[in-house]
Amino acid sequence: MYAKLGWSEHVRNPILADKFPGPKTLTALKRGIPLFKNGLRFDAEMERAGRRGFRPVRQIVIDRAEGDFVWDLDGNRYIDFQNGWATNPLGNCHPEIIEAVEAANRRFGFHYDHPLRYDLAERLADIMPAKALPRTNYEVSGTEAAEAAVHLALTHTKRRYIITFSSSFHGNGLATKVLSGLEGEKGTYLEGWGGGVIKAPYPYSDGLPADLSEAQYTEYCLWYLDHHIPSCIAARDNIAGILVEPGLAEGGNWIPSTRFLQGIREICDRNDWLMISDEVLTGLGRTGRMWGIEHYNVVPDILVYGKNLSGGIAPLAGISARDDILGDNKSFSSGSTFAGTPAGCAAALKTLEIFERDNVVAHAKRLGNIAAGIMREWQSSPIVRQARGNGLLLGVSFGQPESARKDEKDWWTARAVRGRMLEKGAWAISDKEDTIRLYPALMMDEDVLREGLAIMEDAIHYVEQHGHVEGDVAAYPSGVAGF
Ligand SMILES: Cc1ncc(COP(=O)(O)O)c(C=O)c1O
């Protein structure tokens, strides 16, 4: 793959600096403390971590990125499972995408209407589930797209309520904050804004209440949607629809059962509610199918996308919907100034062209199977609660090593494993959560994937043996923190 694209040779077996992070990275991180949000809080948090003997947060600053790798300011190389928050389907800085984006910028600069908008809308209509969602509305970010989908559902049905789920994430706009199933404290001061949002439980496969099985809990969640909500929260005919992630992405890469998503479809059909699939993260090949919802043999009424569509270079997001929903709706309005830039459309068109040419989604599926085979074994570790995945949507949740039942959610353990991975050359996400999430590029080289997972396996064993406390933590300079 690299040779074909003329990319540079990659050097394996990185030798990281003795001190982690290295001096240049450390200097950059310290510069950020007075400049960025939470700088002071992280500073305090680092000191607290040090006092309590926890391993501190590990963070890097990227100097350059290419293919499956990133390098920090000190020249250390990392296998990239962070993937620009899951936005680089073809790996970092893919030369063909860069070329397409540069050509679009040279030709159009920025103008709202241009032929690439039309080319892409046709292409998107073609790849939608069952080709049933032919109408497109572009947005800049996944946040705007999720908000547009909800506005579309409310205005189409002329109803006031929308149902979303616990631990869901739909973005960081004001509306998406209240749509998301945020931790309680994050909703403080937003209490006046979420009047039309009803939160329902999402059926996780681990850590369920009352010793319920996943199947029993799923039935409870469906009962909640179809009976509890209409009987005591909002009238059945005042509910516009259900906004659901077919894989609870930022919430921890949870994989729902077929019964749950098919159950939602049935409930929506029966009640005349719209089913909105938020595929900003699960979409465009991440799960080894073009759309996450396709694993469930379900066709939504509105589909939300973003992230991968950028080809890792130029942001673009949007929604697709049924003809009768988006074709003629006088009350719906959406699409900000930069929605559907020539550069974004060019990146998306080239990405989809490469998807087809190089069988990218099939490659992701094959890599997902390889990852599943390796990660399954990790479940015997005393600190691993569950390893799970759907294609390359991969997550491992952790528990206290000293707990026999492993049932105490514990983000310090997850963070310790993620920190050790980073020290050994693999970069993954654990954002104050008990899960480490991995988003390999869909075209990641198989050897690189295996090498990164081997680093993670070693890190799990290391934390198993040494705990989440690090001996030399006092020597770690305060003031360096973040995710
Ligand atoms: C499912 C889902 N919806 C919406 C968003 C928001 O997208 P963006 O960050 O591009 O605004 C995200 C971001 O992670 C997401 O995972």
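A: One begins with handedness: a crossing is right-handed if the near helix is turned clockwise from the far one by less than a right angle, and left-handed if anticlockwise. The present model is a predicted one. In it, helix α13 crosses helix α15 in the right-handed sense.

Q: At what angle do α13 and α15 pack, and how far apart are their axes?
A: The general idea is that angles under 35 degrees count as roughly parallel. Helix α13 (residues 360-376) and helix α15 (residues 446-466) pack at about 25 degrees, their axes being 11 Å apart. The two helices are therefore roughly parallel to each other.

Q: Which residues make the contact of α13 with α15?
A: From α13 come Arg366, Leu367, Ile370, Ala371, Ile374 and Met375, while α15 provides Glu446, Leu449, Arg450, Leu453 and Glu457. Sorted by class, this contact has seven nonpolar and four charged residues, with no polar ones.

Q: How does α14 lie against α15: roughly parallel or oblique?
A: The axes of helix α14 (residues 411-423) and α15 come within 8 Å and cross at roughly 130 degrees. The pair is therefore oblique. The crossing of α14 and α15 is right-handed. Thr413, Ala416, Val417, Arg420 and Met421 of α14 meet Ile455, Met456, Ala459, Ile460, Tyr462 and Val463 of α15. By class, nine nonpolar residues, one polar and one charged form this contact.

Q: What is the packing angle of α9 and α10?
A: Helix α9 (residues 214-232) packs with helix α10 (residues 258-271) at about 15 degrees, and their axes are 10 Å apart. That angle makes α9 roughly parallel to α10. Their crossing is right-handed. On the α9 side the contact involves Thr218, Glu219, Cys221, Leu222, Leu225 and Asp226; on the α10 side, Arg259, Phe260, Gly263, Ile264, Ile267, Arg270 and Asn271. The class count for α9 with α10 is six nonpolar, three polar and four charged residues.

Q: Which residues are around the ligand?
A: A residue is assigned to the surroundings if one of its heavy atoms lies within 4 Å of the molecule. Here the residues are Ser141, Gly142, Thr143, Phe169, His170, Gly171, Glu245, Glu250, Asp278, Val280, Leu281 and Lys307.

Note on methods:
Residues numbered from 1 in each chain as written. Predicted model: local features only at pLDDT ≥ 70, side-chain atom pairs only at ≥ 80, totals over all residues. Heavy atoms only, no water. Axes fitted to C-alpha atoms, helices over the stretch in contact; angles between N-to-C directions. Helix = DSSP H or I, 4+ residues; strand = E, 2+ residues; numbered from the N terminus. Parallel < 35°, antiparallel > 145°, perpendicular 65-115°, else oblique. Contact = heavy atoms within 4.5 Å. Nonpolar A, V, L, I, M, F, W, Y, C, P; charged D, E, K, R; others polar.
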